[in-house]
Amino acid sequence: MRLPCPHCGERGNEEFVFLGSADPVRPADSEAPIEDWIDYVFLRDNPAGANRELWHHTYGCRSWIVVRRDTRTHEILGAEPARSLPPPASTSAAK
Amino acid sequence: MTPQTQHTSQPFRLASGGLIDRATAMPFTFDGREYYGHPGDTLASALLANGIHLTGRSFKYHRPRGILYAGPEEPNALVELRTGARREPNTRATVAELYPGLTACSQNRWPSLAFDVMAVNGLAAPIFPAGFYYKTFMWPAAFWEKVYEPLIRRAAGLGRAAREPDPDSYERSHLFCDVLVIGSGAAGLAAARAAARSGARVVLCEQDFRLGGHLLSSRDEIDGKPALGWVAEVEGELAAQSKVRVLRRTTVFGLFDHGVCGAVERVSDHLDEAPPFTVRQRYWKIVARHIVVATGAIERPIVFPQNDRPGIMMASAVRSYVERFAIVPGRRAVVFMVDDSGWSTVEALQRAGASVAAVVDPREEAPERARSIGDAKVLCGATVTGTRGRLRLSGVTIKDRQGREQYIEADLLAMAGGWDPALHLTSHLGSKPKWDESIAAFVPGSLPSHIDVAGAAAGRFGLDAALKDGVRAGSEAAHHAGFASVSLAPPAASALPMHTRCAPSWRAAKLDAKSFVDFQNDVTAADIALAAREGYRSVEHAKRYTTLGMATDQGKSSGVNGLAILADVTGRTIAETGTTTFRPPYTAVAFGAIAGRETGKALRPTRLTPTHQWAAERNAVFVEVGQWLRAQWYPGPGEADWRESVNREVRAVRSTVGVCDVSTLGKIEVMGPDAGRLLDFVYANTVSTLKVGRMRYGLMLREDGHVMDDGTVARIGEDRYFLTTSTAHAEQVLRHLEFCHQVLMPSLDVAIVPVTERWAQLAVAGPRSRELLAKVVDGFDLSTAQFPHLSVAEITICNGIPARIYRVSFSGELGYEVGVPADYGDAFIRLLVREGEPLGLEPYGTEAMTVLRVEKGFPATGELNGQTTARDLGLERLLSTKKDYIGRALQRLPAFNEPDRPVLVSFAPVNASDILRAGSHILDLGAAARIENDLGYMTSAVYSPTFGHHIGLGFLKRGRDRIGERVRAYDPVRNCDVVVEVGPPCRYDSDGGLARA
């Protein structure tokens with residue numbers, strides 16, 4: 001596989017570490033219903049088709065990036081730095 | 001005849017022609033006998049030149065088998081090549097390039113190839129049907145391990161692997177190109193030339209040692225010249241271009257996502273030994289923008305009774321041996337064809353001086369060409385119904401269109417069963433081949449836009465089609481890769497189209513248990529019929545039940561015949577039956593090539609601590625901790641074993657002072673105005689309340705609530721924190737911090753910098769540590785009043801060398817850690833030891849460090865095993881209730897608050913001489929050793945010189961209520977069963993007064 005790192009260009013997948021789906025959003029509050037937390041921490045969809053996934057460019061720029069990939073064809077539809085995406089609700093945690 | 005020429009004579013070699021160098025005779029050995037061949041030969045062609053067809057025994061029935069093909073699809077002629085450490089089993093004689101002194105042995109026979117005891121399996125064939133193993137070795141279950149498996153293992157398997165380590169070296173390398181062309185037949189050469197002329201970077205891979213593919217075995221003409229002349233011309237043109245790279249002896253074995261291909265170049269396999277500084281094989285990772293698969297086609301055998309005798313060969317292989325290797329593979333031949341390419345074989349045999357006794361074609365009419373075929377008897381509407389000959393074909397039974405049988409003596413039977421595009425690579429990315437009824441073969445399915453298939457591999461048969469399609473594919477590939485198209489007229493071919501007519505997947509009317517489909521795994525037409533009758537109708541099930549296509553050749557010759565028979569017996573079409581999936585590798589790849597240079601100690605980098613050289617001079621014993629080598633202990637004079645050394649080191653720390661390199665701890669600086677906010681989020685306890693110059697213990701959880709790691713956090717400036725992690729988790733923690741920042745809290749103004757290798761960090765511990773450090777610091781007040789426990793300061797030592805000093809203790813004694821720039825580490829430890837030895841200093845290693853921390857009850861790797869919680873570790877006081885942090889929410893899960901959860905305690909044997917072992921299970925006294933009685937487990941166990949007996953740490957259900965009670969530490973694996981007393985985790989200086997003093 002080749003992944004288009006937004007900072008380093010197209011690189012081999014051996015430079016990256018895969019985390020999983022980029023879709024789950026961390027609940028804003030640690031007192032949120034436990035079901036929301038279980039959903040966030042453990043439950044994952046297994047989509048056939050376009051998927052947003054988190055990869056870490058461990059042996060490169062060390063950025064976390066969100067790669068859009070078609071799970072049926074492995075076609076890469078794009079990649080953005082995770083930090084450039086709209087912040088998830090969880091940043092309230094740091095208030 | 002001189003003795004020399006007699007000795008080197010090759011009775012079946014033609015006097016002229018072929019791509020061999022007759023001027024050089026190359027000796028080689030097969031089954032202990034010496035023969036001669038020529039440069040340009042393969043082992044198979046050299047054997048045939050000497051009249052040897054019998055090269056092996058089949059896998060199941062041990063039937064004598066001969067050379068079937070002239071390429072990598074060969075199922076029969078597998079040999080053990082070379083001897084000793086370089087012995088290589090299951091090597092296809094058809095691709096093993098001859099070199100002087102080559103040594104090969106036939107396999108799967110005993111005592112000899114001509115007389116094989118296991119051939120009785122063939123007589124017993126009726127009791128070895130499809131699924132034999134599944135049906136027979138069922139019960140009793142206890143027999144499986146002791147009786148059945150050893151029995152099967154002895155009977156199974158072909159060659160023997162070498163028992164010594166591989167003496168050769170291998171390497172991995174990368175290539176990037178615009179256009180990769182796989183295969184150098186007519187289509188591949190045309191494609192490579194077209195792409196190269198457009199200016200693209202082209203890589204051309206050919207598995208053979210010569211370019212040309214089927215052109216090497218043909219008398220076709222291109223542009224009015226012999227085809228080989230055209231090959232040489234294209235080869236020369238490609239060689240002259242700096243942007244083109246031609247890799248011979250290179251098999252592209254796999255296509256992967258996004259243009260990534262795996263290939264193996266057999267750099268030195270054609271030599272007796274790899275020359276100095278040269279690898280045996282090279283593993284190429286090729287990244288191509290566009291790929292042209294021009295892998296040609298593989299001829300399909302014909303399934304009929306007794307179709308597996310030595311002397312029965314593929315018609316295309318016969319052509320190859322005649323034209324390329326100048327060998328006549330038989331004196332009197334029968335050609336059995338359902339495909340018109342067989343006529344070229346008839347012509348080739350006649351040119352080579354062989355007599356063609358009969359041409360057998362089940363189709364009713366012979367084509368135009370058959371009229372000028374010499375004196376061969378052409379039998380249309382006829383079939384071959386059987387053969388004779390034990391170690392070599394002696395004759396063929398033919399049934400004519402009137403149903404009369406006749407027996408014709410022959411030592412060669414050539415089969416032309418039609419062609420299967422070599423489309424294996426095209427299905428590596430998941431594309432399913434499609435059945436094309438018009439050519440009676442599978443063709444590649446739909447492919448990603450960067451992969452194209454040209455020529456016979458796409459089912460476009462014939463030289464003319466290959467050349468046209470190659471030019472098209474090469475130009476298009478270059479164009480898609482961004483290069484201007486160059487208009488290029490395809491060369492004109494003179495050859496007859498290969499497929500003037502083909503009989504769609506022809507099968508003999510009567511097939512039996514000696515009608516072989518998969519030659520290597522001995523799967524017959526009868527086996528497939530039986531599998532279907534027993535319900536294995538799906539192609540994937542029938543494959544696994546019969547083992548069709550599961551041998552080392554992966555069914556390159558057997559696949560379509562097997563499907564066709566399965567289709568017949570299940571009343572479906574081949575298209576409905578479908579095909580199994582081709583997966584990488586296309587042909588076998590040596591593990592050595594995959595591993596490259598990363599073997600043994602070179603598997604991964606070794607990281608050395610800044611004091612490694614000094615420790616080595618002190619004869620330290622080192623231990624691997626992840627990639628690091630750390631000093632485990634320092635043997636002293638007169639010490640009998642490691643335990644004595646460790647005891648001495650521990651006593652030094654407890655009584656005077658010790659020094660230990662702790663540079664391997666992960667070290668991370670977190671800086672910026674929001675650093676405290678990030679750390680409050682990452683650690684379970686609060687960090688941002690630290691004052692500058694202070695540090696504290698920090699606990700990190702995973703989001704699922706379990707402990708990830710622990711370490712220290714020091715605030716070295718208003719906006720600057722210095723973190724340590726455990727050695728094992730350094731990379732994981734860094735990535736986690738980056739995740740929390742970049743993904744969860746991207747708005748924070750923070751920078752995270754790994755600085756593990758920047759600092760040489762030495763722990764100086766023991767009652768006299770302050771006294772020692774006072775000698776090296778530049779006027780820094782180390783007194784508790786000025787620099788209390790859990791303080792940090794940036795100082796200088798030794799007249800101006802920058803350093804950081806942390807008052808922290810992992811031993812329970814008064815202790816410090818001092819960090820100096822890594823390059824000063826060696827000088828610093830030498831200085832400390834020189835200054836410290838008068839005070840009683842001993843350097844200590846990881847073993848003593850473990851003893852010290854177990855005495856103190858500090859958790860480490862064994863306790864932070866990914867399954868334990870802060871409560872389990874007795875650290876619940878650290879869980880902040882005032883903020884959100886990673887792992888907080890799921891602390892609410894009932895399992896985390898289960899009162900029965902095992903919690904951290906210590907253990908000591910009631911009988912002081914008993915040994916404790918990590919991994920022991922804890923049981924109540926008298927309780928049976930059953931899982932329902934399990935109360936916990938021991939995670940760390942050491943001999944404590946401080947207490948004079950073993951102590952352990954571990955987890956025990958309701959452990960805090962059981963302090964002082966006796967339980968059983970039970971370790972059946974190591975036969976250990978000890979009565980222990982439960983204690984609090986910390987057994988040494990439990991109020992921590994020593995560290996604060």
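Author: Begin with pairing. Two strands pair if DSSP finds at least two bridges between them. Keep in mind that this model is predicted.

Reader: Which residue stands opposite B:Tyr806?

Author: B:Glu817, in β43(B). B:Tyr806 belongs to β42 of chain B, residues 801–806. That strand and β43, residues 815–821, run antiparallel and are joined by 3 bridges.

Reader: What is the order of the strands in the open sheet of chain B?

Author: There are 6, ordered β41-β42-β43-β40-β34-β44, with mixed pairing. An edge strand pairs on one side only. Here the edges are β41 (792–797) and β44 (842–843) of chain B.

Reader: Now a helix. How many residues of α9 in chain B are buried?

Author: Count neighbours: a residue is buried if 20 or more other C-beta atoms lie within 10 Å of its own. By that test, 7 of the 10 residues of α9(B), 342–351, are buried. Among them are B:Trp343, B:Val346 and B:Leu349.

Reader: What covers the buried residues of α9(B)?

Author: The cover includes α8 (315–323), β18 (332–337), β19 (355–361) and β24 (412–416) of chain B. After the helix comes B:Gly353, with a positive phi near 90°.

Reader: And the interface? How many residues of chain A are in contact with chain B?

Author: The size of an interface is often given as the accessible area lost when the parts come together. Here, count contacts instead. 24 residues of chain A meet 24 of chain B. On the chain A side, α1 (34–41) and β4 (50–56) each supply at least two residues. α1(A) gives the most, with 3. That side divides into 13 nonpolar, 7 polar and 4 charged residues.

Definitions and conventions: Residues numbered from 1 in each chain as written. Chains lettered and ligands numbered in written order. Predicted model: local features only at pLDDT ≥ 70, side-chain atom pairs only at ≥ 80, totals over all residues. Contact = placed C-beta atoms within 7 Å. Helix = DSSP H or I, 4+ residues; strand = E, 2+ residues; numbered from the N terminus. Nonpolar A, V, L, I, M, F, W, Y, C, P; charged D, E, K, R; others polar. Buried ≥ 20, exposed ≤ 12 C-beta atoms within 10 Å, placed from the backbone.
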